[in-house]
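Colleague: Could you walk me through the salt bridges in this model? I have the sequence and the structure open beside me.

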Amino acid sequence: MKKIKSIFLIALSLISFRSFSQEAPTDTSKTWTIKGENTFLINQSSFSNWAAGGVNSFSGNLTLNYDFNYKKDKWSWDNKVLAAYGLTFQKESDWRKNDDRLVLNSLLGHKASEYWLYTFFLNFNTQFADGFDYTKTPKERISRFLAPAYLSFGPGFAYKKSDNLRFNLSPTAVRFVFVNDTLLSTRYGLDPGKKVRTEFGASFDAYYKVNLMENVSFENILKLYSNYLDKPQNVDIDYTANLFMKVNKFITVNAGVQMIYDDNTAIPVIKEGKEIGKRNSALQIRQIVGAGVTYKF
């Protein structure tokens with residue numbers, strides 16, 4: 001955790017320094033287009049002699065979002081790298097992570113008509129640092145790097161009206177679920193002691209972003225997966241909604257929510273601060289709201 005904190009603070013320093021640079025214009029004559037967005041969000045609250053009570057807290061979230069896109073003739077190759085990490089501090093509980101994501105998306109396409117493409121996609125996502133269940137004493141590790149990790153790929157077809165409206169459907173998609181720590185195997189739907197589960201099914205990815213008004217935009221990201229080999233009617237759902245409000249060139253206010261449903265993941269049932277069991281049909285929800293510095297290039 002100390003190493004993660006050090007990397008987190010160094011990255012923040014670099015972004016803060018670069019945020020005073022000018023945004024470089026995009027050269028549309030190139031076959032490769034590279035875009036990036038670095039965002040650091042801050043939330044803080046403190047109380048002193050406050051009659052209603054309250055807990056002093058601080059949180060910081062760093063998100064690095066990069067696109068590497070290729071286009072020539074009828075071929076296109078879109079790549080996205082998303083890395084996010086956040087920490088929150090409360091006086092009673094010390095530092096804990098509140099965001100931890102590493103996502104790699106790649107889509108190779110060949111133009112079939114004006115808006116349709118034949119495609120081959122690849123998605124990978126995991127997290128950087130260990131995650132813990134703090135309702136237990138001592139705390140129990142429930143995730144770590146590559147535990148779990150998800151790798152999906154397969155052929156399909158896509159509709160792309162613009163960069164802000166697109167979807168991709170692969171009816172023959174392979175997905176691997178990796179759990180590098182065998183102590184966590186059953187938590188993510190693997191047999192005891194196993195490190196990999198193989199799935200075969202259908203994958204659907206959709207993206208839609210709309211400008212609600214000047215300097216306010218709303219982003220929707222939806223991912224669906226159905227495993228033909230095991231309960232295909234139980235579709236895995238991953239939906240993210242982000243609201244971006246631009247104050248000026250560098251200052252933004254962001255709000256986001258992510259909801260995941262995966263019946264292969266065991267979710268603890270907590271009652272009166274203690275775990276009394278696990279269930280596999282719970283909706284996972286993550287929310288983040290904050291204001292901070294954004295640097296784009």
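Modeller: Gladly! A salt bridge here is a side-chain nitrogen of Lys or Arg within 4 Å of a carboxyl oxygen of Asp or Glu. This is a predicted model, where local features need pLDDT of at least 70, side-chain atom pairs count only at pLDDT 80 or more, and totals for chains, interfaces and linings use all residues. Residues are numbered from 1 along each chain as its sequence is written, and side-chain values use heavy atoms, leaving out hydrogens and water.

Colleague: How many salt bridges does that rule give?

Modeller: One of the pairs is Asp78 with Lys160, whose closest N and O atoms are 3.2 Å apart. By this rule, the count comes to 15 salt bridges.

Colleague: How many residues apart are Asp78 and Lys160?

Modeller: Strands are DSSP runs of E, at least two residues, numbered from the N terminus. Asp78 sits in strand β3 (residues 75-90) and Lys160 in strand β8 (residues 149-162), so the pair links distant parts of the chain. They are 82 residues apart.

Colleague: Are Arg175 and Asp236 buried or exposed?

Modeller: Their side chains meet in a salt bridge at 2.4 Å, N to O. Arg175 belongs to strand β9 (residues 165-178) and Asp236 to strand β12 (residues 236-246). Buried means under 20% relative accessible area, exposed over 50%, and partly exposed in between (1.4 Å probe, protein chains only). Both Arg175 and Asp236 are buried.

Colleague: Which relative accessibility does Arg144 have?

Modeller: Arg144 forms a salt bridge with Asp130, the closest N and O atoms being 3.8 Å apart. Arg144 counts as partly exposed because its relative accessibility is 28%.

How values were computed
Helix = DSSP H or I, 4+ residues; strand = E, 2+ residues; numbered from the N terminus.
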